[in-house]
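Dear colleague,

Please find below the structure that I am handing over to you.

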Amino acid sequence: MNSSTAESERRKTCWLLLLAPALLTLIVFMLIPAGIVLRISFYPGSTTIGAEGYSLAQYVKFFWNPLHLSVLGETVAYALIVCLGCLVLGFPVGYSLARHPPAKRRVRMLMVIVPLTLSLVVVVFGWLVLLGRQGLINNVLVWLGILSSPQQLLFNRTAVVIVLIQQFLPFIILSVMNVVMQIDPFLEQASTSLRANRVRTFIKVVIPLSTPGILAGLSLIFVMAASAFVTPRLVGGPRAQMVGGFIYDQILTTSNWPFGAAMAFILLAVGFGLMAALNTAIIRPLTRGLHVQ
Amino acid sequence: MQILAQDALASGLQRETIVVFRNLRKDYGALTVVPDFSLEIRRGELVCLLGPSGCGKTTTLRMLAGFISPTSGEILIEGQNVTRVPAYRRDVGIVFQNYALFPHMTVAKNVEYGLVNIGMKRQERASRVQDMLRRVELQHLAERYPRELSGGQQQRVALARALALQPKVLLLDEPFSNLDAQLRVRLRDDLHSLIRNLKMTTLFVTHDQDEALTLADRIVVMNKGAAEQVGSPEEIYDAPATRFVAEFVGQCSLLEGQILDGGEFRTDDGLKLPAFGQVGKATAVIRPENVKKAREMPGVPARRARIETSGYHGALTRLQLRLGGSKLIMDTQFPVGQKPKPGEQIDIAIDPVAVRFVPPVQ
């Protein structure tokens, strides 16, 4: 008995040692700064210098202003549309990757991952070149005679959505691929032998079984899209505002740290809230019969 | 009158053909998995495709299910050519090796799945599900999820799910290979009586000769994608048509030699057996239980053999014998404490009626 408790103690120590580096990094560079920012968001004034006390002034200020609310709403809308676009474009790719033999999968997967290795700024500049007045797309459209003269394709909401979808597509593809790889292909055959055609099999078997993976990928994309900052700035211009840009302005231009901090936490709360809702409403009931929890 | 009708039924003469495979062929690129396969399955018949792994038996089954389309040839179900009909319109039920139950559905939902797909009314569905679960004795587990069931229970759910649609043919793909030995035999008997009661036309695939011999009405022994021999279990075991069948189904000794004029078979080292058949090179197939102790076969010339090994198999003792230059396997019984040891001599006789001759190795 003694030896078994000693054994489990030893195991625990091992676990802690293995976790320690990541945990430490997370605490020092993420949790502590986040705590500080949270504290700042409760300062009453518009500066941190000499600030004292606790107040909800920043939060009241945010929710009292219809402009702020509409930007928040627009940000959430962007994130949802990007999620939807990623899902529609990414699911078939992820599914087919999962059903390819490993040898064929490798090269294709590489093609999905490579864009992620590029710096975001480089990717966005690439899009500027592509979509600009003298860009490839305008030239082709004019040459084909579809446009009589080059049009402004940049600096609107559609451009932001397209560029965001392109950035986040790999995440949904990889999530879908991972989850579909765990679905026994015999299940789909069983379904067809039970008089379900491909569409029905897809709806009744493939989708329910891949939903946990899909939602994991989508919540990641939602959070990243909602906090996007570089893309709306460079591709969206003044007409496409997102909360990320607002926060940037507050903190770096206006130096209003308390208000910026409050907005950052509001955005965080929206993200967490949505994920929690997804989890209780969809993932948990769906996975009752599955191994994943 | 009735007896006559039953006889006719039993002989299969009046039973209609349900499934026809006609010159089926399947290539994967340059690789031919099934070169030319033909077979007819009659109503209510339990046919088994038996063969080693890679012999094309599963491919053949999957072509009937509609998961694989043949390179050439035809498949007919109740006279209708279904070669190009998609799986979901074929009216074929299948039980997979791993059962392939839907993990996100309860047992009842699994069984109901096909019924929903054909648009059956809710009430009718419920009673059909109840009926199926009762047949496989799983009513009490209707609301469980598959992963909460044992392997044997999962198999029964898979069977109930396939049978709920009352398919024209039931396919079983190595249905017992995921179960342990004890359970396997019990479930085999259960399955057998269930399929018999439903008079279900069934095609099943296995590499286990015991399964094939006990379950099947007819066995198709497959080798390299072709039917090597088709026949009742007795025919396959007692009268194998080829060396492959003889070796694959059951144990046997194979003696190479010549059939001579005058009805005699003589091995290369001089062992003689009475024989009939075409004169020329041949291989004699002798099952271990047909090698007897000399005193059990009066009138048959006895021969003295040397025991090389002696293996204990419970009721039977299996001896590996050397007789001149030939090796023989013998299954027999000895009184307690009188089992011979390796190196000893034993007088044996080979039951001449039970010896079969197959074409020799090329």
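Predicted model: local features only at pLDDT ≥ 70, side-chain atom pairs only at ≥ 80, totals over all residues.

For chain B, the mean pLDDT is 88, with 96% of the residues at 70 or more. Within chain B, helix H3 (residues 107-117) has the highest confidence, at a mean of 96, whereas helix H1 (residues 2-11) has the lowest, at 48. Residues 1-5 of chain B have a pLDDT below 50, and this stretch makes zero contacts in the model beyond near neighbours in sequence.

Turning to the contact between the chains, chain A contributes 20 residues and chain B contributes 23 residues. On the side of chain B that touches chain A, strand S6 (92-95) and H3 are the elements that give two or more residues. That side consists of 16 nonpolar, five polar and two charged residues.

Two residues deserve a remark on their backbone. Most residues other than glycine have a negative phi. Arg195(A), however, has a positive phi, near 70°. This arginine sits in the loop that joins helix H8 (185-193) to helix H9 (198-226) of chain A. Arg195(A) counts as buried because 22 other C-beta atoms lie within 10 Å, the cut-off being 20 or more.

Glu78(B) is likewise not a glycine and has a positive phi, of about 50°. Its position is the loop between strand S4 (72-77) and strand S5 (80-81) of chain B. Is Glu78(B) buried or partly exposed? There are 15 C-beta neighbours inside 10 Å, so Glu78(B) is classed as partly exposed; a residue would need 20 or more to be buried, and 12 or fewer to be exposed.

Finally, Ala158(B) belongs to helix H5 (residues 151-164) of chain B. Ala158(B) is buried, because it has 26 C-beta neighbours inside 10 Å. Which residues does Ala158(B) contact, leaving aside its neighbours within four places in sequence? They are Val95(B), Phe96(B), Tyr99(B) and Leu101(B). Val95(B) is 63 residues from Ala158(B) in sequence, yet their C-alpha atoms are 5.8 Å apart in space. Val95(B) also falls within the residue range of strand S6 (92-95), one of the elements named above for the side of chain B that touches chain A.

With kind regards

Terms used
Residues numbered from 1 in each chain as written. Chains lettered and ligands numbered in written order. pLDDT = per-residue confidence, 0-100. Helix = DSSP H or I, 4+ residues; strand = E, 2+ residues; numbered from the N terminus. Contact = placed C-beta atoms within 7 Å. Nonpolar A, V, L, I, M, F, W, Y, C, P; charged D, E, K, R; others polar.
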